[in-house]
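Hello,

Here is the structure for your files. My notes follow below it.

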Amino acid sequence: MNNLKFIRPQSKELRLRLHEPRRFLQVVTGSRQVGKTTLVTQTVSKLKQPYHFASADEPTLRHIEWIEAQWNTARLLTKESKQKKALLILDEIQKIPNWAEKVKKLWDEDSRHQKSLKVILLGSAPLLMGQGLTESLAGRFETLHLPHWSFSEMKKAFNWTLDQYLFYGAYPGATPLIKNGDRWSGYIRNSLIETTIARDVLLLSRVDKPALLRRLFELGCAYSGQILSYTKMLGQLQGAGNATTLAHYLNLLEGAGMLMGLQKYAGSTARRRGSSPKMQILNTALMTALSGQNITAAQSDREFWGRLVESAVGAHLVNGSVKGSYEVFYWRDRNQEVDFVVRGGKKLTAIEVKSQRSRGSFSGMKAFSSAFHPTRKLIVGGNGIAIQAFLSKSPEHWVL
């Protein structure tokens with residue numbers, strides 16, 4: 001992480017939890033390079049108690065007994081400390097098969113013997129972490145999810161402009177490379193995209209057609225901000241199998257914090273699930289690094305830049321939804337469309353994104369309003385809320 005002086009807001013929440021008596025495992029999840037390890041080490045360094053840090057992020061998976069060895073090391077620290085307290089931090093824990101069963105056994109042993117060892121688990125594959133937690137560790141953990149960095153965070157930490165954020169996205173570790181476009185895009189492609197797919201998706205999930213998953217990701221990046229039917233995807237992806245396979249692969253990519261397919265907002269859950277997904281990248285760096293354009297060319301390409309703006313707004317909304325306070329959809333009926341529909345409790349917000357000033361009639365917004373009567377209607381960009389203003393505040397400010 002380039003800027004260790006900047007501390008993300010989640011650090012305060014984690015610090016407060018660690019000051020409490022031992023109650024739950026603390027689980028920190030998030031995509032690669034969002035700063036999980038940095039945030040945890042920043043937080044625990046301010047606590048006046050010893051800690052043991054170990055990472056399972058190896059080319060080959062460690063054996064399950066490695067967990068117990070690290071656990072016993074941390075147990076010894078509790079005996080040696082004056083306060084009889086210590087912290088155990090296990091990074092990339094999901095890389096170890098059956099990790100959750102072993103953690104449950106050790107945690108329950110400490111609970112029975114009233115040991116004061118506190119445990120933090122970190123994982124870069126939230127979907128896979130969640131499977132282990134819900135299957136084996138129910139009632140024993142709290143989760144703190146770190147989304148991709150927001151515009152306000154990148155501005156505070158690196159003094160980024162809006163255009164820099166839109167094009168280069170939100171990977172703080174890549175910021176020193178933006179002066180050399182080829183190095184920057186190479187880093188995003190090789191160190192982030194390929195590493196995430198190879199080590200967080202293919203290595204830990206059943207994927208019968210890995211080449212198809214990669215092509216689906218590339219297609220999703222190219223069409224971010226656009227609605228793609230599974231039929232159209234099948235037509236563009238050779239050897240695509242069927243729509244069920246593509247939907248499963250989209251879920252895996254979403255779980256890795258890369259790409260998702262937004263569902264259509266409709267009156268019934270069944271109709272939403274049967275709809276064509278709208279491609280939504282979760283960090284615009286993934287979209288631009290594969291585009292073959294530099295920032296100057298992208299700014300001159302009005303169509304591409306417009307989709308980039310819409311993708312940034314969508315990513316801001318989706319990344320903010322991990323707290324569970326709202327859901328994000330799109331809406332379309334024939335030729336009428338609303339870019340984003342956000343439902344939080346009883347509130348419904350319709351959002352249109354305009355990268356340029358427009359005198360359009362916003363017929364999609366009118367049609368949606370007539371059908372669903374949203375609580376709030378927002379125009380972002382153009383003559384509405386400035387893009388920078390919208391991205392500078394948390395999504396909850398606008399939709400709840």
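Axes here are lines fitted to C-alpha atoms, for helices over the stretch in contact, and angles run from 0 to 180 degrees between N-to-C directions. The model is predicted: local features need pLDDT of at least 70, side-chain atom pairs count only at pLDDT 80 or more, and totals for chains, interfaces and linings use all residues. Residues are numbered from 1 along each chain as its sequence is written, and side-chain values use heavy atoms, without hydrogens and water.

Helices are DSSP runs (H or I, at least four residues), numbered from the N terminus.

First pair: helix α8 (residues 181-202) and helix α9 (residues 210-222). Their axes come within 12 Å and cross at roughly 135°. Contact means heavy atoms within 4.5 Å. From α8, I193, E194, I197, A198, V201 and L202 take part; α9 supplies P210, L213, R214 and F217. By class, that gives 8 nonpolar, no polar and 2 charged residues.

Among the contact residues are W71 of α3 and W99 and W107 of α4. The contact of α3 with α4 holds 6 nonpolar, no polar and 6 charged residues.

Last, E310. It sits in helix α15 (residues 302-320). Beyond neighbours within four places in sequence, E310 contacts G225, K278, Q280, D339, F340 and V353.

Best wishes

Note on methods. Helix = DSSP H or I, 4+ residues; strand = E, 2+ residues; numbered from the N terminus. Nonpolar A, V, L, I, M, F, W, Y, C, P; charged D, E, K, R; others polar.
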